[in-house]
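Subject: Structure for your review

Hello,

Here is the structure I said I would pass on. Please look it over; my notes on what was found in it follow.

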Amino acid sequence: MSSRSPVIESGSGSRADGATGAAPQAEGPGVQTMPFAKALNAGLRRAMSENDRVLLMGEDIGRLGGVFRVTEGLQASFGSQRVLDTPLAESGIVGTAIGLAMAGFRPVVEIQFDGFVFPAFDQITTQLAKLTFRHEGALRMPVVIRIPYGGHIGAVEHHQESPETYFAHTAGLRVVSPSTPNDAYWMIQDAIASDDPVIFLEPKARYWQKGEVDRAAPALPLHASRIVRRGTDVTLVGHGAMVTTLLQAAALAEGEGTSCEVVDLRSLSPIDYGPVLDSIRRTGRMVYAQEAPGFVSLGSEVAATVMTEAFYALEAPVLRVSGFDTPFPPAKLEGVYLPDPDRILEAVDRVLAY
Amino acid sequence: MPPTDAAENTAARQTDPEAADPIRILDADGAFSPTEAAEPYLDLVTQLADADLEQFYRDMVVVRAFDTQATNLQRQGQLALWPPSRGQEAAQVGSARAARAQDHIFPSYREHVVCTIRGVDPLDIIRLMRGMTHGGWDPYDPAHGNTHIYTLVLGSQTLHATGFGMGLVFDGKTGTGEAGRDEAVIVYYGDGASSQGDVHEAMVFAASYQVPQVFFLQNNHWAISVPVSTQTRVPLARRGDGYGIPSVRVDGNDVLASFAVTRRALDEARGGAGPRAIEAVTYRMGAHTTSDDPTKYRTSDEESSWARRDPIARLRAYLRARGASDAFFEEVDAEAADGAASIRERTIALGPIPASAMFDHVYSEPHPVLQREKQWLADYEASFEEGTR
């Protein structure tokens, strides 16, 4: 297959006819080009319109519309009891969201920045994640925790982190991260529809990236991974903002005669290994890229599973490209810390050397 | 140390968590002797019939026998742990009997009689402490009186109660003025938990959203080995003011006072007046749990002084003075003994739980990792049964 083939979608399952077909080529009825943040806004608006038990909670999300404007206009439309400007206390926000879920609501919490989630970490991991288990199924916890995460915006400390490993490691949580506006639009609605708590990680570097949103045709199921570029030599896997970086690396590799396939994980817990393993059985080589530190990370987990499930297909060890095992550095160094196409290509060269 | 002048007296009072006298109706000898602060609550007490007072007594005696039996069961290896409620019966019975059927109860983990008054089977508490479940009952089963399960991490449940109460506000289920319909929440926590950030955040949220919530703090004087004076330098009831939450301090070993202040607080919360806080001053007569040894950190003099304020003896003296018969006390003692014997039999009869249960209900919908692990464990165990390993 030519490495110039268009982006295609595939996944382990589809919930609507045509969901695995080629992406729309032009804006048809219901298809609109919009930035990632606007797509999230549209998805939230639709979920709130369709179910009046859905309410939004967070700091500055009402009158201001959120520091990234993801909730802009929603309080004006739905009122201050559906879009709550809460007191400034993350544990309090998540703890009261749990109580609201106990009272039959479907709260969607916004944590303002990745590094601010930790005051709520106890309520998320000790309470939210375990309450259905503790109640032996008698209680469900349909709570979504939206977290803008990751670097690339040159911000101060606590505003550029990638905390996904903590949540993916916690039984009882579902963890997802859309990488395109269409996925943002559909996955936020699917997350809200889930009866389990969902950690919804929004790659803030992509908030302004435009893409087509097809409001008529649902995207893949919430927990499906997807091959976003076909290739034959090396499989590149990642999630969130890193998917764009992987596609950039694949385009550069193509110029050097190397054909890279790119898989967008989309769901970090559970992980849909179908497309990942399918790809590796064809390429025999894999590189995982992530912004988070590499030690005990998503890349580590995927590498271990690939070794178990596709050992005889591998022609080379699985390599990981990640943030360094340091605190996220001051912004002037983020370009060094964050994996870029060159670091990914360096790993591609190494897996090809076997 | 007696103060030598007014200035020192003021300074001492600002660093004494016991500085304020609690609202009291029955004195330690069981005499009807209301403090001045109790006057506004007396109408709620005089409305009580003899049958109500006898019910309070029955609740307290029955739970003490259950609590003693559970402690024994732990000593005999039947339970992993037991947190005794001995000494706190009046605070718990008074507050639980003050709640209306439509109210919602969020206990900590020592409120055994609160739960049983609301309809929870005491065996479900036993199953939790035996290591058979992390919960024990379904709060949404109408038989359980809207009683939520125990929370072991201190203070976390205060936020859940606040969020639940926010839901009551948003749904218009409170503050309508219909006393039989309006709902409220009451959350239990202790003097140790009062230092947790979640409790403070719950008070901020409860005040901000004017939640129909009663914060019921049992000050039992000890957070395991740490005295209440380490948690606070002022009476804990004073903290409510800082959040805009009207608060009272009540003698938690006086069931009538505990009932009256909780009834009033819940009525006000239900009626739309916003949250209320109660500090019930009581004493943990037993250990923190069966793993604890109070002799290492408190004196027998202190324990004796609180034994003289035993909440059951106090109500017993009051009932006796009102003319309750020997037959009544004998009947209650027999009921308590029967209940304790029954819980022993039912505990010992509890069977094993299947290993597969750990995979169920981690998620509400099928999950590939857990399905795979559950199947793997089943196959692994079956391999031994078949003798193939």
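In this predicted model, 23 residues of domain 1 of chain A are in contact with 21 residues of domain 2 of chain A. The bounds of these domains are 32-214 for domain 1 and 226-352 for domain 2. Between their C-alpha centres the distance is 26 Å. On the side of domain 1 of chain A that touches domain 2 of chain A, at least two residues each come from helix H6 (164-168), strand S6 (174-176) and strand S7 (198-203) of chain A. That side of domain 1 of chain A consists of nine nonpolar, nine polar and five charged residues.

Within chain A there is a helix pair to look at. Helix H1 (residues 36-50) and helix H7 (residues 181-193) of chain A have axes that come within 8 Å and cross at roughly 30°. Angles under 35 degrees count as roughly parallel, and H1(A) and H7(A) are therefore roughly parallel to each other. Their crossing is right-handed. From H1(A), the contact takes in Phe36(A), Ala39(A), Leu40(A), Ala42(A), Gly43(A), Leu44(A), Arg46(A) and Ala47(A). H7(A) contributes Pro181(A), Asn182(A), Ala184(A), Tyr185(A), Trp186(A), Ile188(A), Gln189(A) and Ile192(A). By class, the contact of H1(A) with H7(A) has 12 nonpolar residues, three polar and one charged.

Two backbone details in chain A are worth a check. Most residues other than glycine have a negative phi, and most peptide bonds are trans. Ser269(A) and Pro270(A) are joined by a cis peptide bond, with omega about -5°. Pro270(A) sits in the loop between strand S12 (267-269) and helix H9 (273-283) of chain A. Asp60(A), which is not a glycine, has a positive phi of about 70°. Asp60(A) is found in the loop between strand S2 (54-58) and helix H2 (74-78) of chain A.

Turning to chain B, its domain 1 spans 14-348 and its domain 2 spans 355-385. The centres of these two domains of chain B, taken over C-alpha atoms, are separated by 40 Å.

Helix H3 of chain B takes part in two helix pairs listed here. With helix H4 (residues 89-98) of chain B, helix H3 (residues 50-75) of chain B has an axis approach within 10 Å and a crossing at roughly 130°. H3(B) and H4(B) are therefore oblique to each other. H3(B) passes H4(B) in a right-handed crossing. On the H3(B) side the contact is made by Phe56(B), Asp59(B), Met60(B), Val63(B) and Arg64(B), and on the H4(B) side by Glu89(B), Ala90(B), Val93(B) and Arg97(B). The contact of H3(B) with H4(B) has five nonpolar and four charged residues, with no polar ones.

The other partner is helix H14 (residues 326-348) of chain B, whose axis comes within 9 Å of that of H3(B), the two crossing at roughly 35°. The crossing of H3(B) and H14(B) is right-handed. H3(B) supplies Glu54(B), Tyr57(B), Arg58(B), Val61(B), Val62(B), Ala65(B), Phe66(B), Thr68(B), Gln69(B) and Leu73(B) to this contact. Among the residues that H14(B) supplies are Phe328(B), Val332(B), Asp333(B), Ile343(B) and Arg344(B). In the contact of H3(B) with H14(B), 12 residues are nonpolar, four polar and five charged.

Between the chains, 34 residues of chain B are in contact with 31 residues of chain A. Helix H7 (156-170), helix H8 (197-208) and helix H15 (368-385) of chain B are the elements that give two or more residues to the side of chain B that touches chain A. H7(B) gives the most to that side, with 11 residues. The side of chain B that touches chain A has 16 nonpolar, 13 polar and five charged residues.

Last, the confidence figures. The model has an ipTM of 0.95 and a pTM of 0.94. For chain A the mean pLDDT is 93, and 92% of the residues score at least 70. Residues 1-27 of chain A have a pLDDT below 50, and this stretch has 52 contacts in the model beyond near neighbours in sequence. Chain B has a mean pLDDT of 94, with 95% of its residues at 70 or more.

Regards

Notes. Residues numbered from 1 in each chain as written. Chains lettered and ligands numbered in written order. Predicted model: local features only at pLDDT ≥ 70, side-chain atom pairs only at ≥ 80, totals over all residues. pLDDT = per-residue confidence, 0-100. Contact = placed C-beta atoms within 7 Å. Helix = DSSP H or I, 4+ residues; strand = E, 2+ residues; numbered from the N terminus. Nonpolar A, V, L, I, M, F, W, Y, C, P; charged D, E, K, R; others polar. Domains from an automatic or database assignment. Axes fitted to C-alpha atoms, helices over the stretch in contact; angles between N-to-C directions. Parallel < 35°, antiparallel > 145°, perpendicular 65-115°, else oblique. Left-handed = near helix turned anticlockwise from the far one by under 90°.
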